[in-house]
Amino acid sequence: MPEHHEEDRQKTVCLQTMEPDVIHSNKTSEDCKPLFKENELNELEEYNFGPNFIKLRPTDGVRELQTVIRDKNTPRTDFIFYADRLIRLIVEEGLNKLPYRKCSVTTPTGQVYNGLRYEKGNCGVSIVRSGEAMEQGLRDCCRSLRIGKILIQSDEDTHDAKVVYANLPKDINQRKVLLMYPIMCTGNTVAKAVKILQQNNVNESNIILLNLFCTPQAANQLVTEFPGMTILTSEVHPVAPSHFGQKYFGTD
């Protein structure tokens, strides 16, 4: 085999190992098959997965962002721009779930203003690779926030997830954790990541999942298995845009 062909093959194998959320265009994924017929997708009922499952308010602006991200004809530069905007909305909503403390400051006019400050002791954890797309949005809001990483590999046939690598703050059990993963089809990858956090003594109620697109199947699995975890998403839909990681990082 020519040397450059072997190098390309190795790169492909490496990419498949590091990105369990990537669904290649020439394969059919059981993980992301629609649960409804195509003609039913625009007539979906409102899903209710309990008080800890929170969707962004469905404004026209949010729907536009979702539409551009799902459009197969969207150029990659536009895709990243709109994805980053949606990520920022989810991150800001996640920050609203963190603890605050009351404080008073003096304004330039000498007036006392009673406001709020974040409590210390929060961190982010991204599930490699697509979760890394959300890191910059979190850093833009919290410059000093520590961010850990979890790499999970999924079996192509069974979709069973196994942890390949985890780098977490040593005191993560004392922190609120913003877990980042943009696309959920079955919920298996996130479930495995949450179990890793629990093995590091992170309380389920201290985990806030930041997600962009979620299927009903994934939502149901996670709220059933981890009822104390808070889940934030922009949309629940039977078909998740599984091309997200490929398009965002330019590997499609």
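In what order do the three strands of the open sheet stand, and is the pairing parallel or antiparallel? The order is E8-E10-E12, and the pairing is parallel. Two strands count as paired if DSSP finds at least two bridges between them. Helices (H or I, at least four residues) and strands (E, at least two) are DSSP runs, numbered from the N terminus.

The model is a predicted one, in which local features need pLDDT of at least 70 and side-chain atom pairs count only at pLDDT 80 or more, while totals for chains, interfaces and linings use all residues. Residues are numbered from 1 along each chain as its sequence is written, and side-chain values use heavy atoms, with hydrogens and water left out.

## Overall composition

The protein chain contains seven helices and 12 strands. Of its 252 residues, 45% count as buried; buried means under 20% relative accessible area, exposed over 50%, and partly exposed in between, with a 1.4 Å probe and protein chains only. Contact means heavy atoms within 4.5 Å. Among contacts between residues at least 6 apart in sequence, 67% join residues at least 24 apart.

Strand E10 (residues 213–214) pairs with E12 in the parallel sense over two bridges, and Phe213 has Glu235 in E12 as its bridge partner.

Strands of a sheet pair through backbone hydrogen bonds, either parallel or antiparallel. Further pairings are listed below.

| Strands | Sense | Bridges | Example of facing residues |
|---|---|---|---|
| E4 and E5 | parallel | six | Val125 and Gly148 |
| E5 and E6 | antiparallel | six | Ile152 and Val163 |
| E2 and E3 | antiparallel | seven | Tyr100 and Tyr118 |

Strand E2 (residues 100–106) and strand E3 (residues 112–118) form a hairpin with five residues between them. Gly110, in the turn of this hairpin, has a positive phi of about 85°.

## Nonpolar cores

A nonpolar core is a set of buried Ala, Val, Leu, Ile, Met, Phe, Trp, Tyr and Cys residues joined through side-chain atoms within 4.5 Å. The largest such core has 33 residues, and those with the most contacts inside it are Leu179, Val190, Leu197 and Leu222. At least two residues of this core come from each of strand E4 (122–128), strand E5 (146–154), strand E7 (176–180), helix H5 (188–199), strand E9 (207–210) and helix H6 (216–225). Helix H5 supplies the largest share, six residues. A second, separate core of 32 residues includes Tyr82, Leu145, Leu178 and Leu232.

Leu197 touches Val125, Ile150, Leu168, Ile172, Val177, Leu179, Val202 and Ile207, not counting residues up to four places away in sequence. In soluble globular proteins, nonpolar side chains tend to be buried together.

## Helix packing

Axes are lines fitted to C-alpha atoms, for helices over the stretch in contact, and angles run from 0 to 180 degrees between N-to-C directions. Angles under 35 degrees count as roughly parallel, over 145 as roughly antiparallel, 65 to 115 as roughly perpendicular and the rest as oblique. A crossing is left-handed if the near helix is turned anticlockwise from the far one by less than a right angle, and right-handed if clockwise.

The axes of H5 and H6 come within 9 Å and cross at roughly 20°, so these two helices are roughly parallel to each other. Their crossing is right-handed. At this contact, Asn188, Val190, Ala191 and Lys195 in H5 meet Gln221, Leu222 and Glu225 in H6.

Helix H2 (residues 60–70) and helix H3 (residues 76–95) have axes that come within 9 Å and cross at roughly 140°, so H2 and H3 are oblique to each other. The crossing of H2 and H3 is left-handed. Val62, Glu64, Leu65, Gln66, Val68 and Ile69 in H2 meet Phe79, Tyr82, Ala83, Arg85, Leu86 and Leu89 in H3. Tyr82 in H3 is also included in the second core.

## Backbone geometry

Most residues other than glycine have a negative phi, and most peptide bonds are trans. The peptide bond from Val128 to Arg129 is cis, with omega near 10°. Arg129 lies in the loop between E4 and helix H4 (135–141). Asn201, in the loop between H5 and E9, has a positive phi near 65°. Asn201 counts as exposed because its relative accessibility is 58%.
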